Each structure stands twice: as structure tokens, then as C-alpha cells.
Amino acid sequence: MKKIAAVIPARAGSKGIPNKNIRIINGHPMVYYSIKNALNSQYIQEVIVTTDSPEVKTIALQMGVTVRWRDERLCADDVTLDAVIADAVSSEMDLDYVVTMQPTSPTLSTDTLDKAICYAIDNDLDTLISVINAPHLSWSENNGQKVPNYKERLNRQYLPPCYMETGAFVISKRSVVTPTTRIGAKIDVFELPEDEAVDVDTFADLRSVQMLLEKQKVAIYVNGNNKRGIGHIYRALEIADEFYTKPDIIYDINQTDVSVFGSTTHNLIPVNGIAELFDRCRDEQYTIFINDILTTSIDYMIGLKTVLPKAKIVNFEDDGEGILEADLVFNALFQEKNLPQVYSGEKYYISGKTFMFYNPIVIKDKVERVFISFGGADPQNYTDRLLKIVSREEFIKYHFVVALGRAKNNVEDLMKFNEFGNIEVFYDVSNMPELMTSCDIALTSRGRTGYELAILGIPSIAMAQNKREEKHGFVSNENGFTYIGLNPPDEVIEGTLKTYLLLSKESRQQFQDIMLSHDLRGGRKRVMGLINNL
């Protein structure tokens with residue numbers, strides 16, 4: 001077996017990031033990670049930390065490795081690592097290879113390190129240098145002229161390899177290590193995965209390695225259909241975009257058709273029942289698990305915690321007993337529960353990203369255009385009923401804009417109302433706020449769409465789709481809506497609509513003022529702040 005030592009140079013005097021090598025990242029000082037990798041390697045027999053820092057010395061000794069106290073002459077800014085490494089491995093040491101490992105590369109894995117050592121030995125290399133393949137269109141200078149380093153402009157994936165050195169490791173035969181070099185005649189490079197190739201030179205790098213070392217592994221379990229609605233699906237996709245990783249979005253094929261997710265490029269994972277969900281959780285060991293499935297039970301939550309003992313569990317819109325077992329619960333639609341982990345009310349509503357780019361509407365003198373939408377499914381068929389009402393001659397002077405959701409049934413029948421000159425029916429709208437802000441008033445249900453209309457300050461009539469929606473507190477008279485209950489008769493819907501069509505500018509302005517008094521745009525930041533601080 002080859003005799004191999006790792007040398008970790010970790011001096012005290014970092015100017016760009018003060019105390020860089022001893023800064024705590026994900027619970028450990030940065031130098032800890034290179035020492036740990038060297039100790040865990042199956043090939044490295046001795047680990048030497050060369051330093052002039054008392055704190056680094058303490059850390060190294062606590063981890064049980066050798067410390068080489070660095071002479072002051074080797075600590076100057078212009079001293080190369082070659083001299084430092086040569087000083088750390090005396091001529092009396094019987095070594096075949098010396099591995100230089102810089103503490104500024106904390107995301108390197110032991111597995112990658114060992115593969116590189118094995119590659120160097122198997123190929124009898126004098127030197128092996130860690131690199132990342134980063135091809136880019138680049139330029140250099142020749143005789144004072146800027147010249148391209150390429151013959152043809154191509155997309156990055158078609159450019160030839162461009163290997164950039166990282167600080168993760170330099171593996172050298174002991175025979176080539178001198179005070180002036182660690183590079184021998186037979187040299188090669190070893191490509192690292194991108195997430196293991198970060199060198200900490202700036203504070204931005206420091207933030208990057210913090211996130212990489214935390215290694216969040218996120219899953220979102222969500223279901224939606226034409227009975228429960230698909231607002232849960234929309235919210236799951238919004239939450240997924242907030243993580244600095246690509247979550248698994250898991251859905252039950254018995255409850256959810258994959259088409260309701262639209263054309264997303266997120267990881268969509270189908271499961272066939274709870275048993276298969278738990279099997280996947282057991283295999284994947286997520287660190288954050290989000291439920292957006294309505295009411296959860298104690299049994300379900302205990303089962304989830306059993307297969308994910310280290311995960312933080314976050315539930316959305318859950319008014320079941322399972323909230324007692326959750327680490328965090330957001331119930332934007334329900335009134336507050338007296339539990340420390342439950343955050344209720346409109347402050348925790350997550351709006352769609354596109355709504356953040358639109359200003360509230362300007363209230364006009366008269367109502368001209370009416371927006372109608374009842375979410376993704378509309379199980380009470382409010383849309384159908386309203387289209388029959390507004391297609392009558394007495395409503396001809398008003399324009400009606402109707403948006404059908406992905407889970408709506410009988411879409412083809414409803415699209416036929418486009419034959420009326422004052423009615424526009426749209427299906428699976430990609431830019432909902434554009435349609436909404438073209439209108440003066442709206443009719444909707446008590447779910448996600450109500451919040452969206454409130455963000456845009458559009459006076460609205462609201463109806464509940466089911467008994468669960470009757471509990472939703474925000475879309476109410478006190479918050480600027482006119483709420484007319486669950487499944488009101490057609491004459492009540494028609495009468496309320498006629499009243500709204502004739503409302504004065506001043507009355508509609510009052511409704512808007514009440515709506516806009518609520519901070520619905522800041523919910524995303526509040527929710528993600530609480531999740532990330534778990």
C-alpha cells in the first residue's frame with residue numbers, strides 16, 4: 001500500500017474574509033471539512049495541518065491530527081504553497097505521495113478525494129490537480145489587441161473543455177515536492193462535480209458553501225382535483241421555486257392527474273397510495289417535507305416522522321389534528337389556532353410571482369368589464385350558472401371576461417359562449433393578472449383567486465365552493481368583499497351582480513382601500529423565512 005500524507009495549509013492572515021479558515025459554516029469551522037475528508041480517506045495515513053493560527057492549531061489537535069507550526073518567513077503573502085508544503089513534509093518521512101488540501105474547498109467529498117488518489121496511483125502520475133470544466137466564450141490579449149480564445153461562437157455545451165484549477169487538492173509524488181514546485185513531468189487533471197468545486201475567496205462563495213453543506217433535500221407532497229381544487233398545486237409550484245435546490249413534488253395518482261401541473265420542469269414523482277409515499281421517504285431521507293394535502297391525521301404524521309426521523313415537516317392549509325405533530329403550519333385561509341407552530345391569516349398567503357409585477361387597478365367612474373373565475377375546478381359550477389345569466393340581452397352593455405381552470409369539466413361547452421360579442425372565455429390562462437386588471441369588478445370563490453383579486457384591488461363578489469371554504473376567513477365583507485355564502489340561489493347571484501354593476505365609484509374605491517390595507521405581497525418572504533429558520 002502506498003504511503004500517503006495530506007497537508008492542509010491554514011494560515012491566520014486572510015484579508016478578504018477575516019478569520020476565513022475558522023469561520024463557522026453549517027456548524028463547523030471551515031478548516032474542519034478538509035481535515036475530516038483527509039481523516040475519512042481510505043488511502044491517507046497521516047494528516048498534517050501547517051498553520052500560524054492558535055485557533056487552527058486547537059481545532060487540528062482536537063481532531064487528532066499533526067500540527068506543523070509555520071515559521072513566520074513562510075507566512076508572507078508572496079510565499080508560494082510549494083515552500084509551505086515542502087516544509088511540512090520533512091525528508092525523514094517515508095512517503096510515496098503528498099496530497100495538498102486547502103481548507104477553502106469545504107464541499108469536496110471524501111469519495112471524490114479517494115477516486116482522485118486512486119486515479120493518480122493507477123496511472124503512475126507525478127501530479128494530479130483538481131479542476132472544474134468551465135467552458136466559456138473568453139478573450140485574451142495579444143500584442144495589445146483583444147483577441148477571442150475561440151474560432152466559432154457556440155453555445156456553452158458545444159465549446160471544447162476548459163479546465164480551471166480549484167483548491168480542492170494537488171496530489172504529488174513525494175519525489176517531486178520541493179520548495180519551488182509540486183509539479184512533475186507526468187501530470188493530469190481530475191474533474192470535480194460543480195458542487196464540490198467551490199473555492200471560498202469571497203463572501204458570495206461563503207454563502208454558496210453554506211447552502212451546499214446544508215444539503216437541503218426537499219419534498220412537497222401535494223394533491224389537487226376537481227373536487228378539492230388545484231390551488232394547492234399552484235402553491236406547491238410557487239414554493240418549489242423558492243428553494244436553492246430542485247424539490248421532489250410528489251402526488252398520489254389516485255387523487256391527482258399529472259396534467260394539473262401544467263408544463264413545469266420540476267421533478268414530478270407519482271406514488272400509488274400512502275405506503276408507496278412512505279417507502280420513497282424512507283429511501284430518500286428528505287430534510288424538509290412539505291404537506292399541501294388539506295387535513296392530516298395524527299396517524300399519518302406519526303408515520304411520516306417514523307420514516308423521516310430527521311426531517312422538518314411543514315403543513316399548509318391543515319386544520320386537522322396532524323398539526324400537533326408538525327414543525328410548522330401555515331393556514332393563510334383559516335383563523336388562528338392557539339399553537340406556537342401554527343401561523344394563520346393572510347400574512348402567510350403566497351401569491352403567484354406574476355401578480356407581484358402588477359399594480360392595483362384604477363377605479364373608474366362606471367363598471368364596464370367584469371372578471372369571472374372560480375379557481376381550477378369550480379365544483380359548484382358557478383361559472384356555468386353565471387354564463388347563462390350574463391348571456392341574456394339585459395347584460396349586453398357589459399363585457400364579461402371568464403377564466404376556466406385546468407381541472408374544470410365541460411370546457412368545450414363553456415367555450416361556446418365566446419359566440420356572444422360581450423363574453424370572452426379563456427381556458428388555462430398563463431397570465432391571470434393581465435386578465436384581472438383589465439376588469440372593474442369580479443366574481444370568485446373563497447380560495448386562492450380571492451387573494452389574487454385583493455392584491456390587485458378589484459372589488460369582488462365571493463361564494464364558497466364547499467363547507468371547508470366557508471371557514472376561510474379573509475374573503476369576507478370586513479375585508480372588502482361581498483360574500484354571499486355557499487351555493488346561493490341564482491337570483492341572489494344575479495341580484496348581487498346587478499348591484500355591483502351599478503355601484504358608484506366612491507363605493508368601489510372604499511372596497512379597494514380595504515383590500516389594499518392588507519400586506520398580501522409579503523407573505524412569500526415571511527413563509528420562506530420561517531421555513532429556512534427551522
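Two strands count as paired here if DSSP finds at least two bridges between them. Helices (H or I, at least four residues) and strands (E, at least two) are DSSP runs, numbered from the N terminus. The model is predicted: local features need pLDDT of at least 70, side-chain atom pairs count only at pLDDT 80 or more, and totals for chains, interfaces and linings use all residues. Residue numbers start from 1 along each chain as its sequence is written, and side-chain values use heavy atoms, with hydrogens and water left out.

I start with the sheet. Six strands form an open sheet in the order β21-β20-β19-β22-β23-β24, with parallel pairing. At the edges are β21 (423-427) and β24 (481-486), each pairing on one side only. From one strand to the next the twist averages 15°. Within the sheet, β19 (residues 369-373) pairs with β20 (residues 399-404) in the parallel sense over five bridges, and F371 has V401 in β20 as its bridge partner.

Two helices pack on this sheet. Contact means heavy atoms within 4.5 Å; angles run from 0 to 180 degrees between N-to-C directions, and axes are lines fitted to C-alpha atoms, for helices over the stretch in contact. Helix α14 (residues 490-501) touches β19, β20, β22, β23 and β24, and its direction makes about 175° with that of β24. Helix α12 (residues 448-455) touches β19, β22 (441-445), β23 (460-464) and β24, at about 155° to the direction of β22.

Next, burial. Buried means under 20% relative accessible area, exposed over 50%, and partly exposed in between, with a 1.4 Å probe and protein chains only. Eight of the nine residues of α9 (residues 382-390) are buried, so this helix is largely enclosed by the rest of the structure. Among them are D384 and R385.

In α16 (residues 523-532), the buried residues are G523, R524, V527, M528 and I531. Seen down the helix axis they fall within an arc of 115°, so they line one face of α16; the arc is that of the directions from the axis to the C-beta atoms. These residues pack against α6 (231-240), β15 (288-292), β16 (312-316) and β17 (328-331).

Last, a helix pair. How far apart are the axes of α7 and α8? Helices α7 (residues 274-284) and α8 (residues 298-307) pack with their axes 8 Å apart, at an angle of about 30°. That makes α7 roughly parallel to α8, a label for angles under 35 degrees. I274, L277, F278, C281 and R282 in α7 meet Y300, G303, L304 and V307 in α8.

How values were computed: Angles under 35 degrees count as roughly parallel, over 145 as roughly antiparallel, 65 to 115 as roughly perpendicular and the rest as oblique.
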